[in-house]
Amino acid sequence: MPSVMLHQTTVEVTNIFCIGRNYAEHIAELQHSRDQEMPVFLKPTSALLRGENTIRLPEYSNNVHYECELVLLIGQDAAQLNRDQALACVAGYGIGLDLTARDVQNIAKEKGLPWLKAKGFRHAACVSDFVAPQALPEIGDVHFTLDVNGEIRQRGHTADMLYDVPEILVFLAHTYGLQAGDIVFTGTPQGVGALHAGDVLTLDLNGVIGTHFKVA
């Protein structure tokens, strides 16, 4: 079963939740509008790729985009949460890439079809190892970066989230239920772009945890 690492402990992954359109400047760069309700989609656990590995892009897409994001690891089941309780269900924080076959996604949008082929292919959910919440005690004031081939492409700060981490957790718990082992991609800032063979990606979360990927 797919798994991630929290310190030296292996944690089996149950669900992969992803939050869309969570940074205003990213919404603007893709010429989208803000949704009235938090956009949520799922990736299959077969999409998971842990850090220090090679990303293999799907043959059916010519335009796979990187989207760097703060990722949450859920440590306990939760069906109902309030904001004061929410962070207590987080077992760890990491950084990851929500990969998107943008050409496939655009066709799906035009036809009103699901996005699974665009968002759920193998290696579409790339994640670092996770650190305990104590390593990032002020999760509302955390920055992260994505470097591609030595050039910073994305800079994010959790203070810029339209839906902050407690709000995300409350919504997911109430609407879908959270389980220990779930991971949550929390949305990407502006600066997304296409991946190419040979690209080397370096991800950093507040100087606390990071990882690398290479594109085949």
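## A loop residue to start with

Let's begin with Arg56, which sits in the loop that links β6 (53-55) to β7 (64-66). Keep in mind as you look around that this is a predicted model.

Is Arg56 buried or exposed? Its relative accessible area is 55%, and the cut-off for exposed is over 50%, so Arg56 counts as exposed. Setting aside residues up to four places away in sequence, Arg56 touches Arg122, His123 and Ala216. Phe121 is 65 residues from Arg56 along the chain, and the C-alpha atoms of the two are 9.9 Å apart.

## A buried glutamine in a strand

Next, find Gln154 in strand β13, which covers residues 151-157. With a relative accessible area of 1%, Gln154 is buried, because buried means under 20%.

What does the side chain of Gln154 reach? It comes to 2.9 Å from the backbone oxygen of Pro189. Pro189 is also one of the contacts of Gln154 beyond four places in sequence, a list that includes Thr188, Gln190, Gly191 and Val192. Other members of that list are Tyr66, Glu67 and Cys68, along with Phe144, Thr145 and Leu146.

## The largest nonpolar core

In soluble globular proteins, nonpolar side chains tend to be buried together. Here, the largest nonpolar core holds 67 residues. Those with the most contacts inside this core are Leu97, Leu99, Leu169, Leu178, Ile183, Leu201 and Leu205.

Take Leu201 as an example from that group. Neighbours within four places in sequence aside, Leu201 is in contact with Leu97, Leu146, Val148, Leu195, Phe213 and Val215, among others. Its contacts also include Tyr66, Asp147, Thr211 and His212.

Terms used. Residues numbered from 1 in each chain as written. Predicted model: local features only at pLDDT ≥ 70, side-chain atom pairs only at ≥ 80, totals over all residues. Heavy atoms only, no water. Core = buried A, V, L, I, M, F, W, Y, C linked by side-chain atoms within 4.5 Å. Buried < 20%, exposed > 50% of the residue type's maximum accessible area, 1.4 Å probe, protein only. Contact = heavy atoms within 4.5 Å. Helix = DSSP H or I, 4+ residues; strand = E, 2+ residues; numbered from the N terminus. Polar contact = N/O pair within 3.5 Å; in protein donor to acceptor, adjacent residues only side chain to side chain.
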